[in-house]
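Good morning, everyone. Please take a look at the sequence and the model as they come up. I will start with one residue and then step back.

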Amino acid sequence: MILRKYIGTKEFYKKVFVITLPILVQQIITNFVSLVDNIMVGQIGTEQMSGVAIVNQLIFVFNVCIFGGVSGAGIFTAQYFGKGDHKGVRATFRAKVIIVSVMALICIGLFLLFDTELISLFLHKGQDNLNLDKTLAFGKEYLAIMLWQIPLFALTSAYSGTLRETGRTVPPMVGGIVAVCVNIVLDYALIFGVEFVGIPAMGIRGAAIATVISRVCEFLVVVLWTHGNKDKNKFVVGAYKSFRIPKDLLFGILRKGFPLMLNEVLWSTGQAVLTQCYSVRGLEAVSALNISSTVSNLFFCAYFAFGSAISIIVGQLLGAGEIERAKDEDRKLIFCAVAVCLFIGGVMAALSPLFPQIYNTTDTVKDIATKCLLISAAMMPFHGFIHTAYFTLRSGGKTVITFLFDSVYVWVILIVAAFTLSRFTDIPIVPMYLIVQCLDIIKCVLGYILVKKGVWAKNLVED
């Protein structure tokens with residue numbers, strides 16, 4: 001009887017499968033290509049890999065901020081679609097385009113003005129005495145090219161987010177697949193060169209150029225499909241005739257969206273600060289954590305997809321006024337996500353010693369990376385629960401609670417712990433990483449209490 005509360009029917013899992021599979025496929029392919037890209041750059045040298053890893057950490061902050069920028073409007077998109085209000089969906093799409101455009105301009109300006117200062121924050125001598133000046137130069141060279149993909153990623157996010165929230169998960173998946181296929185082919189050709197067709201080896205510049213071209217391809221696929229199928233995507237009909245957004249909706253997006261956007265800004269910068277704390281133990285720590293996070297993200301796709309499923313399924317049920325059904329299906333989605341993470345975490349632990357051996361780096365880096373991967377594998381079920389709890393709170397517009405639960409916890413608990421351990425103790429990087437990761441178990445308890453209370457189950461688009 002108790003299991004019925006947590007295990008759904010065949011029809012339920014079929015619905016979940018239809019929604020999560022395209023998202024999961026896209027994320028697996030994207031992260032697999034990121035892994036291959038990372039391995040290719042890792043073949044050039046540790047300084048090159050570290051410079052690219054630092055820049056990617058900085059760009060990750062921007063990417064997550066974009067996610068936060070569209071998420072506030074996305075809450076309303078899912079609920080308007082569940083209600084059958086296409087005008088409301090169109091207005092939220094306009095809001096997303098404005099938000100991501102402004103954020104992209106600000107980000108490009110910051111990177112142009114403070115590239116040296118931002119990269120230098122992560123440069124510290126370690127036991128292998130790697131060259132910090134070379135790492136800085138490689139990082140700046142890579143960043144200068146990667147700036148071109150920022151506006152493309154921003155606008156693609158506005159389109160893809162709206163398509164997913166309206167149940168169209170396949171087109172963003174196709175766009176992602178096209179992008180990663182282009183990226184992986186061009187990565188090899190441009191990083192190492194293809195002599196018989198006259199393509200020179202460009203190293204990390206080639207990796208950056210390949211990424212920019214792949215972003216162009218993804219943008220074109222998603223945008224052209226959306227505008228070419230207006231009967232399926234009514235929100236784009238007249239979307240650019242004006243940028244008028246109803247005042248009540250605009251205030252609602254700002255009221256609900258600002259805490260969410262602030263949360264993503266603080267959470268992503270918090271992750272960068274955590275990496276900076278770890279980097280005090282030397283450039284080897286930066287390289288090892290780059291390997292660990294890139295490999296881990298491939299396995300973490302499991303709970304990333306469930307988070308998106310909660311946004312879509314639960315958000316649409318709340319918008320349709322089916323509150324109790326939303327609570328029931330959310331509980332089953334969370335249980336399924338944790339069960340899947342238990343299994344995949346075991347697979348990840350078994351494979352953890354193998355991945356670092358692929359890289360052309362020092363034995364110190366490989367050893368640290370292996371141990372960090374094992375820690376991430378053990379923590380995967382906990383992080384799966386945290387991730388799905390976050391999306392549950394967000395689906396009902398409880399963005400202030402989400403803000404406290406997510407980014408405030410990172411800054412008040414995790415960063416304070418990492419900063420204290422890195423500056424005031426001599427504890428090695430692996431035990432430090434383990435302690436900080438285990439602190440997320442407390443966050444699981446908080447998430448369980450908040451989800452169980454049901455304060456998140458609200459319809460935001462009632463007349």
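Where does Thr-166 lie? Thr-166 lies in the loop between α5 (150-165) and α6 (170-192). Helices here are DSSP runs of H or I with at least four residues, strands are runs of E with at least two, and both are numbered from the N terminus.

A word on the source. This is a predicted model, where local features need pLDDT of at least 70 and side-chain atom pairs count only at pLDDT 80 or more, while totals for chains, interfaces and linings use all residues. Residues are numbered from 1 along each chain as its sequence is written, and side-chain values use heavy atoms, with hydrogens and water left out.

Back to Thr-166. Is it buried or exposed? Thr-166 is buried, because its relative accessible area is 9%. The cut-offs are these: buried is under 20% relative accessible area, exposed is over 50%, and partly exposed is in between, with a 1.4 Å probe and protein chains only. A polar atom of the Thr-166 side chain lies 2.9 Å from the backbone oxygen of Thr-162. Setting aside neighbours within four places in sequence, Thr-166 is in contact with Thr-77, Phe-81, Val-89 and Gln-316. Contact means heavy atoms within 4.5 Å.

Now the whole protein. How many helices and strands does it have? The protein has 14 helices and 0 strands. Read along the sequence, the pattern is α-α-α-α-α-α-α-α-α-α-α-α-α-α.

Next, size. A compact globule of 463 residues would have a radius of gyration near 23 Å, and the protein has 22 Å, so the two agree. That radius is taken over C-alpha atoms, and the globule rule is 2.2 Å times the number of residues to the power 0.38. Along the principal axes, the C-alpha atoms fill a box of roughly 65 × 50 × 40 Å.

Burial and contacts come next. Of the 463 residues, 57% count as buried. Take contacts between residues at least 6 apart in sequence: 84% of them join residues at least 24 apart.

Then the surface. The accessible surface comes to about 19400 Å², and 68% of that belongs to carbon and sulfur atoms. Areas come from the Shrake-Rupley method with a 1.4 Å probe, and for residues only the protein chains shown count as cover.

Let me go through some more residues. Start with Ile-150, in helix α5. Ile-150 counts as buried because its relative accessibility is 0%. Which residues does Ile-150 touch, not counting those up to four places away in sequence? They are Phe-62, Ala-104, Cys-107, Ile-108 and Phe-111. Thr-364 is 214 residues from Ile-150 along the chain, and their C-alpha atoms are separated by 34 Å.

Cys-217 next. Its place is in helix α7 (residues 204-228). Cys-217 counts as partly exposed, because its relative accessibility is 23%. Beyond neighbours within four places in sequence, Cys-217 is in contact with Val-178 and Val-182. Gly-176 is 41 residues away along the chain, and the C-alpha atoms of Cys-217 and Gly-176 are separated by 8.9 Å.

On to helix α10 (residues 323-351), where Ala-326 is found. Buried or exposed? At 0% relative accessibility, Ala-326 counts as buried. Leaving out neighbours within four places in sequence, the contacts of Ala-326 are Val-314, Leu-317, Leu-318 and Trp-456. Ala-326 and Val-170 are 156 residues apart in sequence and 24 Å apart in space, C-alpha to C-alpha.

Ile-358 lies in the loop between α10 and α11 (363-395). With 41% relative accessibility, Ile-358 counts as partly exposed. Ile-358 is in contact with Ile-39 and Gln-43, leaving aside neighbours within four places in sequence. How far apart are the C-alpha atoms of Ile-358 and Met-40, what is their separation? They are separated by 9.7 Å, and the two residues are 318 residues apart along the chain.

Last stop, Gln-437. Its place is in helix α13 (residues 429-438). Gln-437 counts as buried, at 13% relative accessibility. Not counting residues up to four places away in sequence, Gln-437 touches Ile-375, Met-379 and His-383.

That is the tour. Thank you.

Key
A polar contact is a pair of N or O atoms within 3.5 Å; within protein, one must be able to donate a hydrogen and the other to accept it, and residues adjacent in sequence count only if both atoms are side-chain atoms.
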